[in-house]
Structures are given as C-alpha cells and as structure tokens.
Amino acid sequence: MWNYSEKVKDHFFHPRNAKVVEQANAIGDVGSISCGDALRLMLRVDPATEIIEEAGFQTFGCGSAIASSSALTELIIGRTLTEASQLTNKQIADYLDGLPPEKMHCSVMGQEALRAAIAQFRGEAPEADHEEGALICKCFGVDEGHIRRAVLQNNLTTLEDVINYTKAGGGCTSCHEKIEQTLSEILSQQPVVAKAPEKPRDENWLAVEEVIAGLRPHIQADGGDMRLLDVTEKQVTVSLSGSCSGCMMTDMTLAWLQQKLIERLGRFMHVVSDTATISTSAV
C-alpha cells in the first residue's frame, strides 16, 4: 500500500481547475484511455504577453494522475510560457510533498502535456512522434524522446526507474530489452564524473548493512526505501526515498533502525538521514 501525502489527497479529492477551458488556445494531449492514463491540458494564453491566464485539465487515470494535473495547473497559471516551460516533473511532485516512486510517471505526464500545449500555441512542429524505431513501448505509447527526457532530468539509471517515471515496460514487458538498450545508450553519452574513493567497509559498516537489509523489505512494502550512506564510530547516516522521504513517519523509521542497531551492536548509535535526524528520546 502506497503512502500519499495530505497534499496529494487534497488535490485528488478537491482537484483545482478540473474543467474545460472554453477559449483555450493551447492544448496538449498525452497518453490514451486504452493505455490506462490520459491527460488533456487546456490553456488560455495572452497572445501579446504569453502569460497563462487560465488552465484546465481533463484526465483519465489514478488519484496521483488527478493530483499531479491539479498541481500542474496551480503551478503555471500566471506564468509566461517561457517560465512554465522550465517546470520539471520533480517540481510537480515536490509541490505535492512527494509521490511514491511507482507513481512518478503521473508527474512526467503533466510535464509532457505542458510541452505539447506550448508547442501547439507557438505553431511548432512537435518532435517526431514514433518515427521508425522510435516507439519503445507499444502498450503505453512511450517513445525514445519521452524516455530520454525522463532519464536526463531525473538521473534514472535502471529499468525499474524508467518504468516508474514513464510507465514504459509496465505492461507486457516485451519492450524491457529495448528500454535497457536505450537507457544504456543515453547513459553512455553522459560525461563520466570521477567518483571519490569509497570508504573502507569495516565490521561496523557490514553489521549496519545487514540490519538495514533486514528492514528494507518492510520499508519497501510501504513504498519507501533506505540506503546506507556512512558509518562512523557513533553515528549512522542513511538516505530515505519514496514514501519515506518527508513522511510524517520518518522519525519512527529512523528510531526503528536505531533500536535494531543498539540490539545488534550492544551500544548506542545515533541515526540520521540526509534530510532528518532523531533524538535519543525517540527510541
């Protein structure tokens, strides 16, 4: 079961601008009902200033798709098209206080609809859709350009990442090999950044890794994840992602790990994350 923020729930149960914009002069359509997700974004743009004066949407999809579309309209009304074009799917997700990893494709869908609407308003020919060899996922109609943008903007590195952010490969799985080839080509074209030498992994590190490995299945079952970043003599630093990132239960998750480490190591280890800490009283 995924954990949704209160803001996601609010935008799902009380969506903003879920309407037809009668005088829309910029429309972006993405997805299809047959694929399970579809979004039409309608904008009324001042031709002189290119300011978005009104925005509305119609969507067919899950609660995250509705919430993401609602958030998108709130974020772009009052902005110029140039300003709106800089909006990323991460900003949409952050506005909603996060989305489960498996639902990030909903924020990407909103970003793609905005791109299409802006292109239509400016009379620009959309990037060639589904040229020979460009269509990657037939089930969800996802092309190479869609995947490339998602990979580069969100630093995706695995097949699972691509599925979560684009939905490509989430159906029959026959395109998995093609997705992995495309991902490999995209990553191979990126500049190589020299990595700092890894910290030697002593007995403490290995023990902490083992404890975290025992907790991760339970955390992942709730749509989150935990990764070990550093271990010192008295402190453990972890990274929380997915539903654990910014969740009200963050302190409890860290305290749970801290208690398990005390039981395993027989001494106190302070647990912190890259975004939060807990006090000794939390245990």
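Predicted model: local features only at pLDDT ≥ 70, side-chain atom pairs only at ≥ 80, totals over all residues.

H5 has 18 residues, and the distance from its first C-alpha to its last is 27 Å. That span is close to the 26 Å expected at 1.5 Å a residue. Most of H5 is covered, since 14 of its 18 residues are buried, that is, under 20% relative accessible area. Just after the helix, glycine 123 takes a positive phi of about 70°.

Glutamate 112 forms a salt bridge with arginine 149, and their closest N and O atoms are 2.7 Å apart. The pair links distant parts of the chain: glutamate 112 sits in H5 (residues 104-121) and arginine 149 in helix H6 (residues 144-154), 37 residues apart. Is arginine 149 buried or exposed? Its relative accessible area is 18%, so arginine 149 is buried. Glutamate 112 is also counted as buried, because its relative accessibility is 9%. Side chains of opposite charge can pair when their charged atoms come close.

The bridge between arginine 149 and glutamate 112 is part of a total of 13 salt bridges in the structure. Why are lysine 9 and glutamate 6 separated by about one helical turn? They are 3 residues apart in H1 (residues 6-13), which accounts for that separation. An α-helix has 3.6 residues a turn, so residues three or four places apart point the same way. Lysine 9 counts as partly exposed at 36% relative accessibility, while glutamate 6, at 52%, counts as exposed.

Aspartate 10 takes part in a further salt bridge, with arginine 16, at 2.8 Å from N to O. Here both partners are partly exposed: arginine 16 has a relative accessible area of 26%, and aspartate 10 has a relative accessibility of 28%. Elsewhere, Lys19, Arg44, Glu53 and Glu54 are linked in a network of salt bridges.

The loops hold some backbone angles worth checking. Most residues other than glycine have a negative phi, and most peptide bonds are trans. Asparagine 17, which is not a glycine, has a positive phi of about 60°. Asparagine 17 lies in the loop between H1 and strand E1 (26-32). Glutamate 50 likewise has a positive phi, near 60°, in a residue other than glycine. The loop that holds glutamate 50 runs between strand E2 (37-45) and strand E3 (52-60). With a relative accessible area of 23%, glutamate 50 is partly exposed.

Arginine 79 and isoleucine 51 are 28 residues apart along the chain, yet their C-alpha atoms are separated by 5.4 Å. Arginine 79 is in the loop between helix H2 (63-76) and helix H3 (81-85), and it counts as partly exposed at 30% relative accessibility. The other pair is leucine 228 and isoleucine 212, which are 16 residues apart in sequence and 7.7 Å apart in space, C-alpha to C-alpha. Leucine 228 is found in strand E6 (residues 224-231). At 14% relative accessibility, leucine 228 counts as buried.

How values were computed. Residues numbered from 1 in each chain as written. Heavy atoms only, no water. Salt bridge = Lys/Arg side-chain N within 4 Å of Asp/Glu carboxyl O. Helix = DSSP H or I, 4+ residues; strand = E, 2+ residues; numbered from the N terminus. Buried < 20%, exposed > 50% of the residue type's maximum accessible area, 1.4 Å probe, protein only. Expected span 1.5 Å × (residues − 1).
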